[in-house]
Amino acid sequence: MALCAKKRPPEEERRARANDREYNEKFQYASNCIKTSKYNILTFLPVNLFEQFQEVANTYFLFLLILQLIPQISSLSWFTTIVPLVLVLTITAVKDATDDYFRHKSDNQVNNRQSQVLINGILQQEQWMNVCVGDIIKLENNQFVAADLLLLSSSEPHGLCYIETAELDGETNMKVRQAIPVTSELGDISKLAKFDGEVICEPPNNKLDKFSGTLYWKESKFPLSNQNMLLRGCVLRNTEWCFGLVIFAGPDTKLMQNSGRTKFKRTSIDRLMNTLVLWIFGFLVCMGVILAIGNAIWEYKVGTRFQVYLPWDEAVDSAFFSGFLSFWSYIIILNTVVPISLYVSVEVIRLGHSYFINWDKKMFCMKKRTPAEARTTTLNEELGQVEYIFSDKTGTLTQNIMVFNKCSINGHSYGDVFDVLGHKAELGERPEPVDFSFNPLADKKFLFWDPTLLEAVKMGDPHTHEFFRLLSLCHTVMSEEKNEGELYYKAQSPDEGALVTAARNFGFVFRSRTPKTITVHEMGTAITYQLLAILDFNNIRKRMSVIVRNPEGKIRLYCKGADTILLDRLHHSSQELLNATTDHLNEYAGEGLRTLVLAYKDLDEEYYEEWADRRLQASLAQDSREDRLASVYEEIESDLMLLGATAIEDKLQQGVPETIALLTLANIKIWVLTGDKQETAVNIGYSCKMLTDDMSEVFVVTGHTVLEVREELRKAREKMMDLSRTIGNGFTFHEKLTSSKLTSVLEAVAGEYALVINGHSLAHALEADMELEFLETACACKAVICCRVTPLQKAQVVELVKKYKKAVTLAIGDGANDVSMIKTAHIGVGISGQEGIQAVLASDYSFSQFKFLQRLLLVHGRWSYLRMCKFLCYFFYKNFAFTMVHFWFGFFCGFSAQTVYDQYFITLYNIVYTSLPVLAMGVFDQDVPEQRSMEYPKLYEPGQLNLLFNKREFFICIAQGIYTSVLMFFIPYGVFAEATRDDGTQLADYQSFAVTVATSLVIVVSVQIGLDTGYWTAINHFFIWGSLAVYFAILFAMHSKGLFGLFPNQFRFVGNAQNTLAQPTVWLTIVLTTVVCIMPVVAFRFLKLNLKPDLSDTVRYTQLVRKKQKAQHRCMRRVGRTGSRRSGYAFSHQEGFGELIMSGKNMRLSSLALSSFTTRSSSSWIESLRRKKSDSASSPSGGADKPLKG
């Protein structure tokens, strides 16, 4: 990203003095101008060309062009290379220029926004790009924040203001920011003009949720935190005006610091293509050497005798030097084995696949009006090769819409409804929900089914009152009251909103807050608490506390947090209550509910004052401020008194179990990485069918030490081996196995297993000396659930699988804590859910519901992989068939580097005659319809095993291309040696031979693509037959009198094409060549289809049988008589179907039936290849291949 300011040395600290531009300019801070564009009018051409020639392919073709400009070695005109090269460079340059134009437009729009800046005591309108560090800016309601500002004052009491941070983190709920008390009174312009405070703070960084600084003013120090900052990109809401001091400007703002480029991802096909292109180049050099040696020998043995007729060029003084020049000539001629159009075509196909994803109405969420989006065009075919999916739970598998479901208060559980016999009532059997009509401020959407909790509140139970008092005070929710009694809560998380709403309905209504107070209506009485401190939540603390003083002057700390954290901080007197609450927590977690523990602590005035002073000192520290504050918080959050626990329901998204079941049948392994507790995650695992009762074993790893974790993993592996011996039908494993074979043996074990591991155990399992043991165990399991994991651990698990497995990984999540995992995986998918759009912004693909993943992979991914593989196979085939003819011709032309084809044919072959048909196949082809792709998930396996395009398939294509080139050259050569024209003259001349071979080539490759096309559209027909028509039109035009009249030196063979193609012998030669080239392919495919069909062949066959049956049944219904039932029965059956029914081919096969039906063919070779792949891998690579379940 280019910036307006010059590159400066890194800062150690930032100093900014208010209203003193001269002082601030000494530090040469960046201006507020931003520049995301890369070029201007003068630099575009040189910079863009420089960037394009960073691509090896472009440099290679430029090198060839330079060779062609040397007359001693060039047999081809320079335009045969420059036309396609310029075409490719132009297309790319236009695309880059268009993108940069929009970046310029966006930059100008942003830089020219107006802002009110206080200059010389007067508010003046200034463009954003002219705002400097140290300026004081006035913002008004609904305006964007121009730079990172320290909030000085606002129109709201106590210096409060409200902002929306959607552009920063995607969260649309309002957040509150507050000026420090000493500046909150500076609302008057005259006072602000005299303000000369200096801020010393951290240097520019990309941490959106952290800021550490100190304000020095009037010989005093005041700590500054993120709560005092307004960041660029935020929007001021519900606040009439506010003033802020510019701390960071332009590229130094946190928004711009976070706009770094994401890591460029390449597909496995890209990496393979790079290798293959190098091999082809080596092959090209070898051919050049062979022909150069041939030229040197020919010139030495034969050419010297013909010096009178065929003199050497002036520069050539020996046969050896002639061979050297011939080498470079053949490098030019044979370079079309890797045409530049290959790279352009690949990008066009990928772009088409991306648009298909964007346009897919079946992946469009009507509720949110959100389409699926391919945010990159480079990874589409890799969607068809995924073996491992790493998924977040909350918001990805679940809806992230929280409902207060149950709670435990003072050892009593509320939320279940019992019938007269004492049995739990199911949802459908429950009576009416609890009536909250006594509370005029209740949320009418809130439902609760246990009336005993409301009775306890109404009876004045002190524990219940304290429980809901805590929920109404311990939060960061903002309240908005549009009309009297109509409260709207703005919560940072759905959990918090659900808890505060529950307290509201049970009579403890959070009404409003200021920076120093919280007002709650407790059973109809308004009570205002003095807010002394908020000890905020973060991912490390996993708890939140508030310290309040009630109207009686009593100080109390209220705390809520994760059970694993809070239960260790309880006072020993809570032990009995702790046991009962723990039982309830386990029960709630077993039902898949999200739990929080609530506790409180009374504080005396003296202790609080002392603690508050230490907190102030920690907040003023310049270094390690976060750690010091955490230590101070830790001290006061101890010896807590337990109140109870809450249980919130987060329901599964629609279609999650079916999606997971389908993906599992496609041999995709799903790992869930969640921050939830183990019991909750396991229950969700069962709900979404990841874990099933049919599994042989579910291993749980909960060790707290390295030795315990290693032992638990070892026992799990031994158990798998033992169970496999038991159910392995007599198959026994060798007791001693080499480490290289251990993985393949583990992955071949019989039975289905699952692994559940906790965060603290995972920390040990990811250590260098144990990561392989963990991976071996996990990869042998059908499902893996990692609980209580941090965002960093999520990324480490993905990186571990990427490091040791030859498998494509996909990570899917919806929150900011999933970003590192999404960026680490080969493919990142973002769910646009309730947690903002940070995951979407970091992703490669995005949509709104997890269930769309099955369509993304099994339909779009599989088709993209299939199309790209077929495209590459055909492309290499047609180019080898085209180019190798020159090689054979070299042996008959004295190795003189003479071309077989006309130079215009060489130029147009790849960009006109054969480009569009292969593009149509690469964009539109299908082997089976989308419904069958979803119905038979086993069709996905060839992509995982990389069967459709690999080194073996590449060599088969090359072999077919070479075979075609041999026949393409030698059949016409043999025919022309003896053939005559209709008038008896000799048929064999160079131009007639060139026309015959070129026409044969175009027809053969057109027929071949017709055979390769599995799904015919009007576009395919138009491109294939249209390309043939264009070939003949151009051929006749180039041999016409008209062009000869215009360019006599270029088109001198008038009437050659017409005369040649008028000869029956020529057409017989073309037909013979076509038949001999194509028949072996047809025969091979026919035999393969009958003897060893792929699963896709079987699916297509069953589809054809169904269509035939339906058509015949319709015919019978038309001719059937309304006579006796006996004759009607006879007419409903057709001759010849008995064998078909016995074979099972006419049934509507499930995945299970299809799998068993093709066991003798497709399954067997897929299984053997999978085992071979596992054996050859140095570490674990893929799971056990289990029988398919329908």
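Two strands are said to pair if DSSP finds at least two bridges between them. Strands (E, at least two residues) and helices (H or I, at least four) are DSSP runs, numbered from the N terminus. With that in hand, let's walk through this structure. It is a predicted model, in which local features need pLDDT of at least 70 and side-chain atom pairs count only at pLDDT 80 or more, while totals for chains, interfaces and linings use all residues. Residues are numbered from 1 along each chain as its sequence is written, and side-chain values use heavy atoms, with hydrogens and water left out.

Start with strand 20 (residues 508–513), which runs antiparallel to strand 21 and is joined to it by five bridges. Here S512 stands opposite T519 of strand 21. The two strands form a hairpin, with three residues between them.

Now follow the chain onward. Strand 21 also pairs with strand 22 (residues 525–535), again in the antiparallel sense, over six bridges. In this pairing T517 has Q530 of strand 22 opposite it. Strand 21 and strand 22 make a hairpin too, with two residues between the strands, and M523 takes a positive phi near 50° there.

How enclosed is strand 21 (residues 517–522) by the rest of the structure? Five of its six residues are buried, so strand 21 is largely enclosed. Buried means under 20% relative accessible area, exposed means over 50%, and partly exposed lies in between (1.4 Å probe, protein chains only).

Next, look at Q116, which sits in strand 2 (residues 114–119). Q116 counts as buried because its relative accessibility is 16%. Leaving aside residues up to four places away in sequence, Q116 touches L123, Q124, Q125, I136, I137, K138 and E140, where contact means heavy atoms within 4.5 Å. With E140 there is also a polar contact, side chain to side chain, at 3.2 Å. A polar contact is a pair of N or O atoms within 3.5 Å; within protein, one must be able to donate a hydrogen and the other to accept it, and residues adjacent in sequence count only if both atoms are side-chain atoms.

V1007, L1011, V1071, V1075, M1079 and V1082 make a nonpolar surface patch of about 440 Å². Helix 37 (1064–1091) and helix 33 (990–1012) each supply at least two residues of the patch, and helix 37 gives the most, with four. V1071 belongs to helix 37, and V1071 counts as partly exposed because its relative accessibility is 48%.

How values were computed:
Patches are made of residues with over 30% relative accessible area and no salt bridge: like charges are joined within 9 Å, nonpolar side chains (Val, Leu, Ile, Met, Phe, Trp, Tyr) within 5 Å. Accessible areas come from the Shrake-Rupley method with a 1.4 Å probe; for residues, only the protein chains shown count as cover. A salt bridge is a side-chain nitrogen of Lys or Arg within 4 Å of a carboxyl oxygen of Asp or Glu.
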